[in-house]
Every structure is written in C-alpha cells, then in structure tokens.
Amino acid sequence: MRQLILCVFCLAFGFSFSQDKTHTSYIDLSYFKGNIALHNNDILHLIKGHPEGYILSWNKKTYGFNEWEQRYNYPDYGVSFAYQNLKNDILGDVSSLYAHYNFYFLKRHIMLRIGQGIAFTTNPYHKEENFRNIAFGSKLMSSTYVMFNYKKERIINRFGLQAGVALIHYSNANVKAPNTSINSLTFNLGVTYNLEEETLEYQNTLDENDNKFSQPIKYNIAFRSGINESDVVGSGQFPFYIFSGYADKRLNRKSAIQLGTDVFFSNFLKELIHFKSVSFPEENVAGDEDYKRVGVFAGHELFINKTSLITQLGYYVYYPFDFEGKTYFRVGLKRYINDKWFGALTLKSHGAKAEAVEFGVGVRL
C-alpha cells in the first residue's frame with residue numbers, strides 16, 4: 001500500500017513539473033481529529049475515543065484556459081491519501097486513496113473538497129476472530145470525504161494554512177455483509193505548499209450568452225452490474241443486473257433533468273426470500289415471491305468537463321417482495337468517452353442504507 005501511494009504521488013509531482021503553463025500545482029497536509037457519528041444504534045459498542053489521522057493531497061490548479069474551468073470558478077482537482085486511526089482495536093486503522101475536486105467561494109477563501117475513492121481496513125469482520133466489527137464486512141471498501149475549509153495560500157513564501165471540518169465515510173455498499181459503515185465528523189488543520197514559484201492569471205473569456213445553451217431531448221440506455229449480499233451474514237454474494245432507459249433534457253451547459261425507468265434483477269433477493277420463508281414464518285413470506293423489481297425515477301445531471309455527477313430519486317412500481325421500502329436513491333459519477341458513450345460508477349441506497357455499488361456503461365442517443 002505504501003509503495004502504491006509513493007508511486008501515485010511521485011507521478012503526480014513529475015507531471016506537475018512537466019506540464020505546460022496553463023496549470024500550476026500544490027500539495028497540502030492536514031491533521032484531523034473528531035468523533036464517529038452515531039447513525040445506527042447497532043454500532044454504539046464501536047464508538048470509543050476520538051479518531052484521528054491525516055490527509056495528504058496533490059492538487060492541480062486551473063486558470064480558465066478551458067471554458068468549463070471558468071464556469072466553476074477555477075476549481076482544483078487531484079489525488080488524496082488519508083490515514084485514520086479509529087481508536088478501536090475492533091475497527092482497526094483505515095488507509096484510503098481518492099480522486100477529488102476543490103471548489104471555491106468568497107474570493108477563494110472558502111474551499112469545498114469532494115473526494116471519492118477506495119479504502120483498506122486492517123481489521124474487518126471475522127466470524128471467529130473479530131465478530132464484533134459489524135461496520136466493515138471486507139478489507140476493501142468505497143470511501144467518500146467532504147472537506148469544508150477556510151484557506152489562505154502563500155502566507156510565508158510558498159507556504160499557506162487551511163482549517164475547517166470534514167466528513168469521512170467508509171462503506172462496502174453491501175458487497176459483503178455486515179456493513180453498517182462508519183462516518184467520522186472531524187476538525188482539521190493543515191499546511192499548503194505551492195510547487196511553482198509563479199502564479200498565472202485567471203482567464204475570463206466567457207460572454208453573457210455562454211449559459212444560453214440548448215439540446216433536443218436525448219435518450220439514454222444503460223446497463224449496470226456488480227455483486228452484493230443481504231444483511232444476513234454468510235448468505236452469500238450474488239451478481240445483480242440493472243437495465244435502465246431514460247430521457248434527459250439539457251437546461252444549460254451545467255445541468256440536465258432526467259426521467260426514466262429501471263428494471264432490477266437482484267439475485268441476492270432470491271436467497272433472502274428463501275431464508276425468510278424458512279426462518280421467519282411470522283413474516284408470512286411464501287418463498288415463491290418474485291425477486292425482480294421495476295422502478296421509475298426522476299434525476300439531475302451536473303456536467304463538469306467530461307465527468308458528470310448524477311442524482312436520482314426512484315419509486316418501485318413493481319415490488320412483489322418488501323425490501324427496505326419502495327423509495328430508492330442513486331448517486332454517482334458518469335464519464336463520457338465521447339459524445340454518445342459513457343461509463344458510470346454509482347451507489348444505490350434506500351435512505352441511508354446502501355444496497356449496491358453499480359458499475360455501468362451506456363449510450364446517449
């Protein structure tokens with residue numbers, strides 16, 4: 001893990017010195033400490049002490065040489081590594097690697113960072129050796145962190161300071177049970193260091209008509225898949241398949257609204273239906289209920305260069321077996337390969353309870 005981290009940051013530093021002068025870069029290092037949020041009473045026995053750690057990041061600064069950079073007030077993007085001691089031998093320590101964006105407000109003194117990546121825990125659930133860790137069912141997990149900081153660069157030569165709050169979330173999204181997840185609310189204090197001596201001038205070439213943008217309605221077809229498991233530990237991991245069709249309408253260069261339908265083939269429900277019918281007769285599950293579901297959804301897509309953020313709210317219209325309620329959410333990222341084809345990484349959940357991480361491909365016609 002350490003060799004991988006060093007390799008990533010060495011490549012990032014090398015790239016920062018070989019790039020043309022449309023960007024500059026900087027690193028930051030922040031120490032954080034805080035509390036584990038009690039989002040589920042089942043994890044009460046896991047909350048001990050005040051988790052602490054650090055976040056090391058490489059950031060590429062934009063100056064508006066691409067038009068999308070101007071539309072988002074010249075954001076940064078880069079990679080982060082985080083280490084967290086959860087102050088609990090049952091939970092162990094967690095190391096994470098992220099891709100992130102930094103967005104700026106109030107004359108660039110307020111920074112909002114959003115990072116998404118992969119986490120590795122040292123001590124996941126084990127039915128004999130660590131049965132109390134119901135938070136992490138696997139060593140590898142997905143992780144999201146959000147940082148909201150006051151920031152001041154170049155206070156002393158190339159050095160600056162930043163401070164604020166951060167939320168760090170770890171979950172394997174029910175790839176393997178158990179998976180109650182952990183959310184850490186933290187305060188952070190850090191230092192920044194600019195890798196180049198010079199700064200560049202921010203470009204401002206957009207005219208007042210830039211936001212006047214329209215497209216005809218586009219039709220999308222997407223296929224998503226992955227593996228997941230029910231909350232019954234040891235019930236087994238099964239593949240799922242989702243077929244989606246939806247229309248979208250661009251409102252402007254940043255946003256589009258969506259309306260469509262999903263068809264879910266969730267094989268873990270087959271096993272759960274059988275388990276419920278045998279083990280809990282009081283729940284009146286016959287065992288022959290259909291595991292398939294059909295939902296309709298409305299959504300929004302936020303376009304950032306070739307990457308976009310999607311959020312969708314859905315409702316099952318075909319729902320033969322009750323599992324976590326009739327409303328579902330989807331949030332994630334799309335990456336456009338060209339004008340038509342895209343890949344997607346999304347999380348489907350029912351409220352705060354994740355059902356699956358979805359890997360998808362699709363076409364926008």
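**Reading the barrel and its surroundings**

Student: How many bridges join E15 to strand E16 (residues 353-364)?

Tutor: Strands of a sheet pair through backbone hydrogen bonds, either parallel or antiparallel. Here E15 and E16 run antiparallel and are joined by ten bridges. Two strands count as paired when DSSP finds at least two bridges between them; helices (H or I, at least four residues) and strands (E, at least two) are DSSP runs, numbered from the N terminus. This is a predicted model, in which local features need pLDDT of at least 70 and side-chain atom pairs count only at pLDDT 80 or more, while totals for chains, interfaces and linings use all residues. Residues are numbered from 1 along each chain as its sequence is written, and side-chain values use heavy atoms, with hydrogens and water left out.

Student: Which residue in E16 is the bridge partner of Ala-344, and which is that of Gly-343?

Tutor: Ala-344 is partnered by Gly-360, and Gly-343 by Val-361. The hairpin of E15 and E16 has two residues between the strands, and Gly-351 takes a positive phi near 65° there.

Student: What lies on the E14 side of E15?

Tutor: Strand E14 (residues 327-336) runs antiparallel to E15 (residues 341-350), with eight bridges between them. Their hairpin connects through four residues. Two pairs can be picked out by eye: Arg-330 has Lys-348 in E15 as its bridge partner, and Tyr-336 stands opposite Phe-342.

Student: Which strands make up the closed barrel?

Tutor: Follow the pairing from strand to strand. Eight strands with antiparallel pairing form the closed barrel, in the order E9-E10-E11-E12-E13-E14-E15-E16. Neighbouring strands of this sheet are turned by 25° against each other on average, direction ignored. E9 and E16 pair over six antiparallel bridges, and Ser-225 stands opposite Phe-359 of E16.

Student: How many residues of E16 are buried?

Tutor: Burial is read from relative accessible area (buried under 20%, exposed over 50%, partly exposed in between; 1.4 Å probe, protein chains only). E16 is mostly covered, with nine of its twelve residues buried. Ser-349 counts as buried because its relative accessibility is 10%.

Student: What does the side chain of Ser-349 reach?

Tutor: Look for a polar contact, a pair of N or O atoms within 3.5 Å; within protein, one must be able to donate a hydrogen and the other to accept it, and residues adjacent in sequence count only if both atoms are side-chain atoms. The Ser-349 side chain reaches the backbone oxygen of Gly-351 at 3.1 Å. Beyond its neighbours within four places in sequence, Ser-349 is in contact with Tyr-328, Phe-329, Ala-354 and Glu-355.

Student: Which strands does H3 lie across?

Tutor: Helix H3 lies across strands E9 (218-228), E10 (238-250), E11 (255-266), E12 (292-304) and E16, at about 50° to E11. For such angles, axes are lines fitted to C-alpha atoms, for helices over the stretch in contact, and values run from 0 to 180 degrees between N-to-C directions.

Student: What does Lys-276 touch?

Tutor: Lys-276 lies in H3 (residues 268-279). Residues up to four places away in sequence aside, Lys-276 touches Pro-281, Glu-283, Val-285 and Phe-321.

Student: Which residues touch the most other members of the largest nonpolar core?

Tutor: A nonpolar core is a set of buried Ala, Val, Leu, Ile, Met, Phe, Trp, Tyr and Cys residues joined through side-chain atoms within 4.5 Å. The largest has 24 residues, and Leu-86, Leu-91, Val-94, Phe-136, Tyr-170 and Ile-182 touch the most other members. Strands E1 (23-36), E4 (93-105), E5 (110-121), E6 (140-156) and E7 (159-171) each give two or more residues to this core. Apart from it lies another core of 14 residues, including Ala-256, Phe-264, Tyr-336 and Ala-356.

Definitions and conventions: Contact means heavy atoms within 4.5 Å.
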